[in-house]
Amino acid sequence: MKTAGLETEALDYTLNRWDPRWWSLTLHLKNGTDLALPTTGYWPYSGDSGPAGVTAQLHDGGTYGLHPDQTHDESTLNLENLPQGGTILFFDNPSPTKNYSLPGYHLLGTSRNIGAEAIPELGNLTNPHWQSEKKLDFADFKDIGILGVIAAWTHTSDDNAALQFLPNAGAPGDGNLFDVPALYVGSSTGELIRDLMNGGNVNTATVVLDAPSFMSPSRTVIGRLEGLKKSNDSILLYTHSDGPSIIEENGPILLLTMAEYFAKNPLNISLDIVMTTGHMSGGHLDEKQWMDQRPEIRRRAKAAIVCEHFGAIEWKDSFKNGDNNPVYEPTGQMEPMWTMVNDDPAEDQELLHQLYIDAFEGTSDNLRMAMLAPQTVGGKRYQWYGAGGSSVLGRSNLPTLGIIPQPDYLWAAMVDGGWSKLNIDMAIEQINVILRLVTSLDDRYSAGEL
């Protein structure tokens with residue numbers, strides 16, 4: 001950003017980095033066999049067993065269930081009659097689904113006015129990363145003698161489940177970790193474990209999760225590009241630095257590209273650009289902290305645009321071969337640009353919404369956008385998804401767009417860093433939408449309408 005000509009500063013922090021280095025699962029059968037089983041990954045921040053792991057008798061906890069509204073129901077776990085001397089708890093862990101239609105979400109507009117049927121995910125957005133909301137009381141588990149956990153994915157392929165960083169909410173305290181190392185296994189491995197247990201074939205299990213932690217420096221980066229009018233007013237471009245793949249991590253790249261463009265094509269209004277750290281730190285850094293440290297950025301903003309995950313190719317589990325053998329493959333579509341907004345009828349809110357829809361004119365047919373307003377129903381306020389802190393902006397009086405494509409692999413680490421899931425041409429087209437939007441906002445600002 002300095003090279004592009006922006007004034008920059010950094011807010012420095014120190015984070016607790018939980019560093020899983022090795023993990024494995026072994027069942028010790030009563031016939032003397034040691035059976036090594038494949039895993040799909042680990043439960044973040046669950047614990048650090050060291051390389052030796054923890055060994056104990058296995059207990060079938062049943063299913064970590066869901067309420068009808070898809071919120072988690074930990075009471076369904078069977079924690080009765082745990083073995084004396086320590087337990088490895090095994091259970092199935094189904095993922096919630098989300099519905100982006102009424103009554104929870106009001107669809108306010110789409111790209112090129114396409115029909116809702118062109119975005120079938122509106123009614124049933126299946127996505128493994130909704131398990132991010134299914135937390136466990138590991139401290140309570142430790143108190144009742146649970147030494148390790150094995151959670152089995154259900155209704156999800158092993159390829160889709162692989163190395164999902166879920167949930168990304170860390171242990172409480174200032175860098176403290178839980179002490180119950182937990183691993184994920186695929187659905188077929190989970191069925192095998194349960195069959196062996198039901199047959200009385202399992203003696204003990206060993207869970208290894210060698211995951212030390214240490215303090216590590218990180219920073220939030222802020223840039224400002226002063227407008228030609230040299231006024232205090234600005235448009236805020238905001239994102240966060242996510243982590244595991246080029247899709248999830250590309251928010252800062254998007255904003256840097258926009259900064260380079262507007263440095264060469266100056267606006268009358270100024271631009272404030274914020275790229276925060278801490279999103280994947282398990283809650284040990286509030287990525288909204290910059291709002292308190294630099295409150296003047298919010299005060300001078302006339303509108304806020306939050307961008308991340310552009311260029312994401314849609315991959316889904318296909319159940320064409322039967323529910324027990326899903327195949328993870330591309331759908332031939334791009335991930336929809338889910339866009340969160342406030343449906344307050346204020347004039348400046350409606351102006352932002354309309355200019356955003358207008359910015360999609362002439363875009364390609366595979367660029368699907370749904371502009372959604374979270375509703376309050378029965379006293380429940382439905383969630384505003386997006387970069388941490390975007391809901392603070394969007395639920396204030398500041399006109400805000402929170403754009404967040406949500407692929408199944410969003411929180412998954414991938415061998416190629418996610419590059420095979422990135423369509424660069426689409427990312428460029430989506431960036432151009434934002435460039436047109438910001439230019440339109442600047443035109444309205446120059447005319448005294450913003």
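Visitor: Which strands does H10 lie across?

Guide: Helix H10 lies across strand E16 (234–240), strand E17 (270–276), strand E18 (301–306), strand E21 (337–340) and strand E25 (400–403). H10 runs at about 175° to E18. Contact means heavy atoms within 4.5 Å, and axes are lines fitted to C-alpha atoms, for helices over the stretch in contact, with angles from 0 to 180 degrees between N-to-C directions. Helices (H or I, at least four residues) and strands (E, at least two) are DSSP runs numbered from the N terminus.

Visitor: What should I know about the source of these values?

Guide: This is a predicted model, in which local features need pLDDT of at least 70 and side-chain atom pairs count only at pLDDT 80 or more, while totals for chains, interfaces and linings use all residues. Residues are numbered from 1 along each chain as its sequence is written, and side-chain values use heavy atoms, with hydrogens and water left out.

Visitor: In what order do the nine strands of the open sheet come?

Guide: The order is E1-E15-E17-E16-E18-E25-E21-E22-E10, with mixed pairing; two strands pair if DSSP finds at least two bridges between them. Strand E1 (7–18) and strand E10 (105–110) are at the edges with a single partner strand each, so one side of each has no neighbour in the sheet. On average, neighbouring strands here are turned by 20° against each other, direction ignored.

Visitor: How many bridges pair E1 with E15?

Guide: E1 and strand E15 (residues 213–225) pair over 12 bridges in the antiparallel sense. Leu11 stands opposite Thr220 in E15.

Visitor: Back to H10. At what angle does H8 cross it?

Guide: The axes of H8 (residues 347–358) and H10 (residues 424–446) cross at roughly 135° and come within 9 Å. The two helices are therefore oblique to each other: angles under 35 degrees count as roughly parallel, over 145 as roughly antiparallel, 65 to 115 as roughly perpendicular and the rest as oblique.

Visitor: Which residues of H8 meet H10?

Guide: Leu351, Leu352, Leu355 and Tyr356 in H8 meet H10 residues Val433, Ile434, Leu437, Ser440, Leu441 and Arg444.

Visitor: Another topic: what is the order of the eight strands in the other open sheet?

Guide: The eight strands follow the order E3-E2-E14-E5-E8-E12-E13-E4, and the pairing is mixed. Within this sheet, strand E8 (residues 87–93) and strand E12 (residues 146–153) run parallel, joined by seven bridges. Phe91 has Ala151 as its bridge partner in E12.
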